[in-house]
Amino acid sequence: MDKILVGLKRVVDYNVRVQVKSDGSGVETDGVKMSINPFDEIALEEALRIRERGDASEVIVVSIGTAEAQQQLRTGLAMGADRAILVETSDAIDALSGARVFKEIVDREGADMVILGKQAIDDDNSQTGQMLAAIWGRPQATFASEVVLDGDKAKVTREVDVGLETIEIDLPAVITVDLRLNEPRYVKLPDIMKAKKKPLDQIPLGDLGVTPGPAVNAVEFAPPEARQRGITVDDVAGLVSALKDKGLV
Amino acid sequence: MSKVLVIAEHDGAALNPSTAKCVACATTIDGAKIDIVVLGASVSGVASEAAGISPVARVLTVERAENEHAIAAVFAPQVAALADDYDYVFGPSTAFGKDLMPRVAALLGVNQVSDIMSVEGSHKFKRPIYAGNAIVTVEAPGDSKVVATVRTASYQAADGGNSAPIESTDVNVELPTHTRFVELQAGQSDRPDLQTASKVVSGGRALASEENFEMIFKLADTIGAGVGSSRAAVDAGYIAPETQVGQTGQIIAPDLYIAIGISGAIQHLTGIKDAGTIVAINKDEEAPIFEVADIGLVGDLFQIVPELTDALS
């Protein structure tokens with residue numbers, strides 16, 4: 001296999017407790033720590049391991065967004081990606097347009113595999129990989145917890161609701177990754193220095209011929225209905241009696 | 001009239017309860033006329049089950065050998081072709097629906113509305129984002145089909161008692177052979193399924209080992225509960241991944257949820273916010289799980305759980 005594309009989305013960091021703005025226009029992102037979507041780090045780790053085993057020659061990380069996403073791409077390069085592409089736009093990109101962008105990059109690069117996170121932890125959509133596979137007319141292996149390459153095929157084990165499903169796919173294909181696929185490596189300081197010299201291409205969204213939309217638009221944001229703290233019991237007898245009062249046991 | 005097509009989820013033998021929950025969501029669309037489509041190799045039993053759901057107008061069956069397993073790349077072009085006659089195409093936000101529906105949406109050239117919690121208008125829906133830290137009202141373009149997944153924990157299954165007509169239909173589309181089913185390793189469990197269990201007992205990292213999870217199983221079996229877990233417990237290898245409850249695992253709504261040794265990260269809490277009663281057992285009285293628990297008990301789970309199991313036996 002020649003090239004693997006990996007998508008890196010810039011999202012609010014996993015550890016930030018996101019707050020809805022008081023006017024309901026969005027969530028507070030000012031001054032909030034931004035990171036690579038954690039699932040995308042797992043996607044990149046998998047691509048790097050495939051390349052390190054000699055089963056691929058190049059790993060390219062791709063992001064769509066403002067110039068600030070260069071930060072996440074540089075982190076991806078420091079992890080070990082060979083080069084990066086930033087598709088620049090200041091517009092919010094819907095999932096289908098994101099998939100179309102990836103399809104354009106796939107065609108330009110002649111990629112053999114695209115590995116993405118199974119969902120982004122901001123919009124929790126879980127759509128882009130499946131949509132890319134659809135418009136590319138290629139297999140999708142979503143929620144992957146194991147990927148075994150075999151020439152121009154791959155066996156992928158998927159986390160489904162009842163257990164683990166294994167499918168076999170022909171390459172090229174799209175894989176979206178779940179939590180248990182691997183543990184992403186830590187970036188070391190010398191790698192960060194090296195990453196500065198690696199190529200990072202910036203392509204304006206318009207150059208790819210993709211016009212965003214028609215999107216599912218956000219109209220209003222609200223905090224979730226909060227559950228109230230209930231009672232505290234002192235011991236098991238108290239717990240059992242509280243459960244009995246509610247008719248639950 | 002709004003024509004809704006619900007994609008049935010099943011394992012070849014039985015209809016998954018997620019289907020009746022999608023129907024329940026569909027009934028909240030003004031003037032909905034709801035059909036269910038069952039794709040499979042041989043689906044007469046599943047189709048009769050689907051025909052029992054109220055108020056389904058019609059059950060369509062698409063029986064082909066290629067449909068024996070729910071391969072998204074195989075199902076999607078068939079669903080997209082059937083979607084021609086409908087304004088809405090709904091699937092459950094289970095692994096099955098999350099895999100299939102975005103592929104259908106892309107073939108139809110639209111974005112998907114993921115995880116509908118409530119219907120607010122013909123094209124307006126509420127859905128959770130940021131692990132449930134925010135609820136967003138979204139509006140799909142008014143002139144195009146709505147392809148959506150339904151957050152099953154937000155809905156009670158639609159009633160039965162119906163006997164909708166079942167019609168076999170052919171879909172003339174070419175199906176890819178690039179994706180092939182190999183095997184399914186289902187977790188061997190006689191316990192209630194997490195999605196449908198009325199009671200769930202969940203264990204977290206504080207259980208500290210795979211062996212200690214036995215006490216979770218024992219308590220669950222004593223009260224007829226399903227078994228869940230936190231991500232930390234799964235990552236530590238104490239219990240199988242399909243038991244994980246939360247943002248990236250299962251979203252559930254049992255009548256009783258007992259969280260044992262689970263601190264209650266927001267990513268976990270989003271999976272149980274629709275539970276009836278939440279019980280928290282944890283030695284750390286500052287644990288965030290207590291902020292949402294209806295009944296809290298601070299203490300050592302290794303003492304409490306066996307004692308509780310005895311008391312409930």
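Trainee: How many salt bridges does a search of the whole structure find over all chains?

Mentor: This is a predicted model, where local features need pLDDT of at least 70 and side-chain atom pairs count only at pLDDT 80 or more, while totals for chains, interfaces and linings use all residues. Residues are numbered from 1 along each chain as its sequence is written, chains are lettered from A and ligands numbered from 1 in the order in which they are written, and side-chain values use heavy atoms, without hydrogens and water. Counting a side-chain nitrogen of Lys or Arg within 4 Å of a carboxyl oxygen of Asp or Glu as a salt bridge, the search over all chains gives 30.

Trainee: Which residue forms a salt bridge with A:Asp82?

Mentor: A:Asp82 sits in the loop between α2 (70-79) and β5 (83-88) of chain A, and its partner is in helix α1 (residues 38-52), so the pair ties together parts 31 residues apart in sequence. Helices are DSSP runs of H or I, at least four residues, and strands are runs of E, at least two, numbered from the N terminus. The closest N and O atoms are 2.9 Å apart, and the partner is A:Arg51.

Trainee: Are A:Asp82 and A:Arg51 buried or exposed, or in between?

Mentor: The cut-offs are under 20% relative accessible area for buried and over 50% for exposed, with partly exposed in between (1.4 Å probe, protein chains only). A:Asp82 comes out at 27%, so call that one partly exposed. A:Arg51 has 19% relative accessibility, so A:Arg51 counts as buried.

Trainee: Which helix holds both A:Lys103 and A:Asp107?

Mentor: These two form a salt bridge, with 2.8 Å between the closest N and O atoms. A:Lys103 is buried because its relative accessibility is 18%, while A:Asp107, at 46%, counts as partly exposed. They're four residues apart, about one turn, and both lie in chain A's helix α3 (residues 95-109).

Trainee: How far apart are N and O in the A:Asp152 and A:Lys153 salt bridge?

Mentor: A:Asp152 is exposed because its relative accessibility is 53%. A:Lys153, at 29%, counts as partly exposed. Their side chains meet with an N to O distance of 4.0 Å.

Trainee: Which residues touch the most other members of the largest nonpolar core?

Mentor: A core is a set of buried Ala, Val, Leu, Ile, Met, Phe, Trp, Tyr and Cys residues joined through side-chain atoms within 4.5 Å. Beyond its neighbours within four places in sequence, A:Val6 is in contact (heavy atoms within 4.5 Å) with residues including A:Leu44, A:Val61 and A:Ile115. Out of the 95 members, the two touching the most others are A:Val6 and B:Ile7.

Trainee: How many residues are in the other core, apart from that one?

Mentor: Both chains turn up in its list, with A:Phe221, B:Ile29, B:Val119 and B:Val136 among them. The residue count is 45.

Trainee: What distance separates the centres of the two domains of chain B?

Mentor: An automatic or database assignment sets the bounds, giving domain 1 (2-168) and domain 2 (199-312). Their contact takes eight residues from domain 1 and nine residues from domain 2. Taken over C-alpha atoms, the centres are separated by 31 Å.
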